[in-house]
Amino acid sequence: MLFSSVGFLFRFLPIFMIVYLMIPAKYRNIMLLAGSLIFYGVGEPYFVLLLVFSVVVNFALSRYMFWEPKSPQNNRKKKAKRRRKRALILSMVFDFGILFVFKYWDFVAENVNGLAGKRLVPFLALALPLGISFYTFQMVSYQMDCYSGKVSERTGFVAYATYICMFPQLIVGPIVRYGEVSERLAERRIRVRDLENGLKMFAAGLALKVLLANQIGTLWNTIMTAGPGNLHVSVAWLGAIAYSFQIYFDFWGYSVMAMGLGKMLGFRMPRNFDDPYMSRSLAEFWRRWHITLGSWFRDYIYIPLGGNRKGSARTICNLFAVWALTGLWHGADWNFLLWGLGFFLMISLEKKTYGKWMERSRVLGHIYTLLLIPATWVIFAIADIRQLAAYLGNMVGIHADRVLVGTEQLARYLKQYGILLIACVFFITSFPRKWYHKWKDRWFMIIFLLVMFWWSVYEIVVGSNNPFLYFRF
């Protein structure tokens, strides 16, 4: 079920919220869990069983970590340590094993069979469960925090299952740590003020998604339909910029909606974006983009591998591991790996050479980032390597075929999408966010958000382009 769907906006959410607010507070976790499974099951009727099975197995293994059988005092600590490590390993094998089978098996099979020249590994052709990358990382973070002692109490099953499954963040994040919501899972008060602010945030996020991401996405789709190898330099750059806007407002809009829903339910969801296109380097960009994913890789991969504490060579190796995994986390295809390794290369260069200088330079740093980011998103967007090479070639003036989409089409695109492009440029800055927080309680802001909400509903009803890009990751 999509947040930006009529079914969610006018059936699921109103009915759920009425019941959720009316029942006694002690039953709200059960209600939230049941509602979240219904929310997931509407779109994934079979894979909801996989989600429930994964929750049960992970909960059992986390309880096994804290299990204290009777034994002599001198052996208790050693046995507890071995038991915790055993439970952690079993949970890693289970969680990443399921993720591998559903997301990466066919990619590996295709490449192994291609290298061997014959079919050694069978194809499974399994559909990808919605949100599996997100909820897998959330389960893993919980197990790692239990093992390290950050989670010390024995969480009840309902609280744990609610933490994993709560529908605002289940399918596209943000990736929430247990410590960020543990107090609210145990006890939470829902004030009228929270409901009001949550509704405002949800309306703002919906507008970002429907009125900006969906609309500018049609420009990217139009340019790609024309053929990635037939584009004038200016048209190729316009397409890359359009996709950069689409993926940002798509994911940022969803994250803002998730934060708004969290407020309405009595939770505080972590912020996932911090004006990333205002960065002055690629390293800064990734500190501001998909913040919860970046912090996950930092805390559970980069730092355990040694971070930057064991010399330059080890730091480079650790960065390579993080960025290769970041690329593959987004998708099982070579373009995602290339995308991740491209960031590894550029961020490594920044760390060793010009990064600090760029971040100090207000003008050059912005220009540098705004030139590189659209090119990286092209790598992210185009899975076919030949088409990708052709598109990147067009961006630097290299054309394998005759240019079919030139300056005349560029002028038509700018005339058709000019106002939308200007709006996108404005909304990637910090001004709208600052103005929203400054004026959100004033009558004119409330009217503005109401207009944006109903305009979004109209576009949802009459439009056809309404995907969430991150659903496929």
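Here are some worked exercises on the structure above.

This is a predicted model, in which local features need pLDDT of at least 70, side-chain atom pairs count only at pLDDT 80 or more, and totals for chains, interfaces and linings use all residues. Residues are numbered from 1 along each chain as its sequence is written, and side-chain values use heavy atoms, with hydrogens and water left out.

**Exercise 1. Describe the surroundings of Ser244: which helix holds it, and which residues does it touch?**

Step 1. Start with the helix. Ser244 belongs to α9, which spans residues 233-265. Helices (H or I, at least four residues) and strands (E, at least two) are DSSP runs, numbered from the N terminus.

Step 2. Now look at accessibility. Ser244 has a relative accessible area of 4%, so it is buried. Buried means under 20% relative accessible area, exposed means over 50%, and partly exposed is in between (1.4 Å probe, protein chains only).

Step 3. Check the side chain. A polar atom of the Ser244 side chain lies 2.8 Å from the backbone oxygen of Ala240.

Step 4. List the neighbours. Leaving out residues up to four places away in sequence, Ser244 touches Tyr277, Ile373, Pro374 and Trp377. Contact here means heavy atoms within 4.5 Å.

**Exercise 2. Work out how α5 packs on α11: at what angle do the axes cross, and which residues meet?**

Step 1. Recall the two quantities to look for. Two packed helices are described by the angle between their axes and the distance between the axes.

Step 2. Read them off. The axes of α5 (residues 132-148) and α11 (residues 291-302) come within 12 Å and cross at roughly 35 degrees. Axes are lines fitted to C-alpha atoms, for helices over the stretch in contact, and angles run from 0 to 180 degrees between N-to-C directions.

Step 3. Assign the hand. The crossing of α5 and α11 is left-handed; that is, the near helix is turned anticlockwise from the far one by less than a right angle, whereas clockwise would be right-handed.

Step 4. Find the residues. From α5 come Phe137, Val140, Ser141, Met144 and Asp145, and they meet Leu293, Trp296, Phe297 and Tyr300 of α11. This contact of α5 with α11 divides into seven nonpolar residues, one polar and one charged. Ala, Val, Leu, Ile, Met, Phe, Trp, Tyr, Cys and Pro count as nonpolar, Asp, Glu, Lys and Arg as charged, and the others, Gly among them, as polar.

**Exercise 3. Trace the salt bridge of Asp441: which side chain is its partner?**

Step 1. Side chains of opposite charge can pair when their charged atoms come close. A salt bridge is a side-chain nitrogen of Lys or Arg within 4 Å of a carboxyl oxygen of Asp or Glu.

Step 2. The search of the whole structure finds 10 salt bridges. In one of them, the side chains of Asp441 and Arg193 meet at 2.7 Å, N to O.

Step 3. Asp441 lies in the loop between α18 (431-439) and α19 (443-462) and Arg193 in α8 (residues 192-226), so the pair ties together parts that are 248 residues apart in sequence.

Step 4. Asp441 is partly exposed at 39%, and Arg193 is partly exposed at 39%.

Step 5. Compare a pair elsewhere. Asp299 and Arg298 form a salt bridge, with the closest N and O atoms 2.8 Å apart. Salt bridges that share partners join Arg193, Glu196, Lys200 and Asp441 into one network.

**Exercise 4. Inspect the backbone at Asp275 and His290: what is phi, and is each residue buried or exposed?**

Step 1. Most residues other than glycine have a negative phi, and most peptide bonds are trans.

Step 2. Asp275 has a positive phi, near 45 degrees. Asp275 sits in the loop between α9 and α10 (282-288) and is buried, with a relative accessible area of 5%.

Step 3. The phi of His290 is also positive, near 45 degrees. His290 is found in the loop between α10 and α11 and is buried at 0% relative accessible area.

Note on methods: A polar contact is a pair of N or O atoms within 3.5 Å; within protein, one must be able to donate a hydrogen and the other to accept it, and residues adjacent in sequence count only if both atoms are side-chain atoms.
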